[in-house]
Amino acid sequence: MKLSGTNAGTAAFLRCGLALVVLVPLAWREIRRAGARPLRFVLMDAGAGVLLGVDMVFWAASVLTVGASVATVLLNVQVVFFPLLAWLVSGTRPSGRFVFMAPLMLAGVALASGAAGHPQPGSHPVAGVAFGTAAGVAYAGCLFLMRLGGGRGHTVTPVCVSTAAAAFAAAVTGGLWTGIDLDPGWPAWGWLVTLAFVGQVLAWLLITTALPRLAPKTGAALLLLQPVMAFALGVAIGERPTLTQTCGCVLVVAAVGYNSRAGRGRTRGPGSSPGRRPG
């Protein structure tokens, strides 16, 4: 997304719009094989997609303000909001482990963004925290709806419906905020096509297929690789987080990993424990 050089609205909208080129035929084939998905679950998929589209716009904005490495770690703040949302909606009280973890994670977020400590030169830590928090809230709501409507014999169809709804939400949010450039030129198209097919199509289909077959603890541990690898890739493309930001990222990942151990025996949606949406 960062290498494409596009603004937040453009990246979020084209990521989803290009992914539909692959997802629509696959979903049509799945419906012919497995039958139609019940309407109430389709509506949950669409609602999750709307929140995902908002999340993607704010996440892309966070990438542009604090860098890809730090922004991807910041988005793990959804691990704090997801249990709180479940508590408000379903009455499921957060565990004692969560109560212990949340303040540590928020402290890590402050350090990682540069809002506390020393930020990376040229970054905007306050804006990065604001955008990252907004994205985390939206993504927590997305995960909550996906968890309610997950499974039901379909794999591709929920991803397709949520991606279509995300494209619509990104078009509205991004269009009103940053504008959308439908002709970003090359090499931007190459990076955005790669982001759509790898980050939106391949990764989401693999996650929705794999996580139900894994023990929650195993899935949680595997998804922790994502922010770690994103941090490494950010450094590889020239980002230089400061020492305090690096310590904050380590603290966030450690807190998420500690909290994910409490999820044994629960069923999780894509990325719902420690992880982040792929890409």
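The model is a predicted one, so to speak for itself only where local features reach pLDDT of at least 70 and side-chain atom pairs reach 80 or more, while totals for chains, interfaces and linings use all residues. Residues are numbered from 1 along each chain as its sequence is written, and side-chain values use heavy atoms, with hydrogens and water left out.

The protein chain has 11 helices and 0 strands, where helices (H or I, at least four residues) and strands (E, at least two) are DSSP runs numbered from the N terminus. Of its 279 residues, 50% count as buried, meaning under 20% relative accessible area with a 1.4 Å probe and protein chains only; exposed is over 50%, and partly exposed lies in between.

Two packed helices are described by the angle between their axes and the distance between the axes. For H2 (residues 39-66) and H7 (residues 156-177), the axes come within 6 Å and cross at roughly 45 degrees. That makes the pair oblique, the label left over once angles under 35 degrees (roughly parallel), over 145 (roughly antiparallel) and 65 to 115 (roughly perpendicular) are taken out.

Further along, the loop between H7 and H8 holds Pro 187.

Is Leu 202 buried, partly exposed or exposed? Leu 202 counts as partly exposed because its relative accessibility is 45%.

Key: Axes are lines fitted to C-alpha atoms, for helices over the stretch in contact, and angles run from 0 to 180 degrees between N-to-C directions.
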